[in-house]
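Please keep the sequence and the structure at hand while reading.

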Amino acid sequence: MFSFCTDPSVLSTPAWFACYFTTGKLMLFYASFGTVLLLLAITAPVALGFGFAGAAAARARFAPLSWLGKLYIAMVRGVPDIVFFLFFVIALDQGFEYLRHKVKCPDWTDPIRQGSDFIVCDAAKLPLSTAPQIWHEVYGFSLAVLTFSIVVGAFAANVLYGAMRAVPHAQLETAEAYGMTHRQTFWRVLIPQMWVYALPGLSNLWMVLIKATPLLFLLGVEDIVYWARELGGAKTARFSDYPHADWRVWYFLGLLVFYLLFTRVSEIALAKLMTRLTHGQATVGGEAQRKAA
């Protein structure tokens, strides 16, 4: 904060706004944009990993594994996202604490379920009550990443499964005719070629993931939506050095601009990636590139 911000009541309008936008809470609001970007940077590859595992399992020749992959895709895709976020995080948190409780407190005799309460020993709680605040935030953020990854991963699995089936079967038969094993055909022929068919669907999932980040506040993470609501609400002189009317419309307008710019940058990057993937492929895009060359 600037040195002249000691008495906001006597500041000129430009100085008042300069002081207001450099307060500690506004700094937390700015940092929350980094939280959203970090969530996307971690969740995207993790969700893609879940999706690839689910698609490979659904395509497996071993029937139980194939059923498991298809069940994962169907079950998660069939549940509304907000219900999954509200239920799964609680179930996951309690599952972790239950396992820790069985290991760390084997002599515990009281029931864990006591009506609507879930009670474990103090040593089993995640994180521990004595842990620094940073670990509580890291734990909540980790649960958010895992939840987002499982949900988006199920949709990615469906996209990748369809992309694998879109690769011309004749190419797979040719690879096997040249002596490649099923595993070699999968990794050397199918996987490199499926991405061009998967990218349009994965691009849509990336956009959906960007738009789903406001759900972070449901998981207890102080994201940009949380701070926009907190800071934009009307503040009186009794509770704040910088009283103002209800400014939530301006805060959410700023979030609108942020998301529009971010999606536009994503569209440009994905278009360039699509051009690179279609190079040399037997697709409309690849054929257009060959004619242009």
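This is a predicted model: local features need pLDDT of at least 70, side-chain atom pairs count only at pLDDT 80 or more; totals for chains, interfaces and linings use all residues.

**Helix 2 with helix 9**

- The axes of helix 2 (residues 24-58) and helix 9 (residues 248-278) come within 13 Å and cross at roughly 30°, and the two helices are therefore roughly parallel to each other.
- In this pair, helix 2 passes helix 9 in a right-handed crossing, with L26, F29, F33, L37 and L40 contributed by helix 2 and Y251, L255, F258 and F262 contributed by helix 9.
- The residues of this contact between helix 2 and helix 9 comprise nine nonpolar, no polar and no charged.
- An α-helix has 3.6 residues a turn, so residues three or four places apart point the same way.

**Helix 2 with helix 5**

- Helix 2 also packs against helix 5 (residues 133-166), here at an angle of about 45° and with the axes 5 Å apart, which makes helix 2 oblique to helix 5.
- The crossing in which helix 2 passes helix 5 is right-handed, and the residues of the contact divide into 23 nonpolar, six polar and no charged.

**Helix 3 with helix 5**

- Helix 3 (residues 63-77) packs on helix 5 at an angle of about 125°, the axes being 9 Å apart, and these two helices are therefore oblique to each other.
- Helix 3 and helix 5 cross in a left-handed sense, and the residues that meet are K70, Y72, I73, V76 and R77 in helix 3 and S149, I150, V151, G153, A154, F155, A157, N158 and Y161 in helix 5.
- Sorted by class, the contact of helix 3 with helix 5 holds nine nonpolar, three polar and two charged residues.

**Bends and end-to-end spans**

- Helix 2 bends by about 25° at T43, where a proline, P45, follows within four residues; at 1.5 Å a residue its 35 residues should span 51 Å, and the 50 Å between its end C-alpha atoms agrees with that.
- Helix 5 has a kink of about 25° centred on G153, a residue that is also among those meeting helix 3; the 34 residues of helix 5 should span 50 Å at 1.5 Å a residue, and its end C-alpha atoms, 49 Å apart, agree.
- Helix 7 (residues 182-212) spans only 38 Å between its end C-alpha atoms, whereas a straight helix of 31 residues would span 45 Å at 1.5 Å a residue.
- A bend of about 50° lies at A198 in helix 7, and a proline, P200, follows within four residues.

Key:
Residues are numbered from 1 along each chain as its sequence is written. Side-chain values use heavy atoms; hydrogens and water are left out. Axes are lines fitted to C-alpha atoms, for helices over the stretch in contact, and angles run from 0 to 180 degrees between N-to-C directions. Angles under 35 degrees count as roughly parallel, over 145 as roughly antiparallel, 65 to 115 as roughly perpendicular and the rest as oblique. A crossing is left-handed if the near helix is turned anticlockwise from the far one by less than a right angle, and right-handed if clockwise. Contact means heavy atoms within 4.5 Å. Ala, Val, Leu, Ile, Met, Phe, Trp, Tyr, Cys and Pro count as nonpolar, Asp, Glu, Lys and Arg as charged, and the others, Gly among them, as polar. The expected span of a helix is 1.5 Å times one less than its number of residues. The bend at a residue is the angle between axes fitted to the seven residues ending there and the seven starting there.
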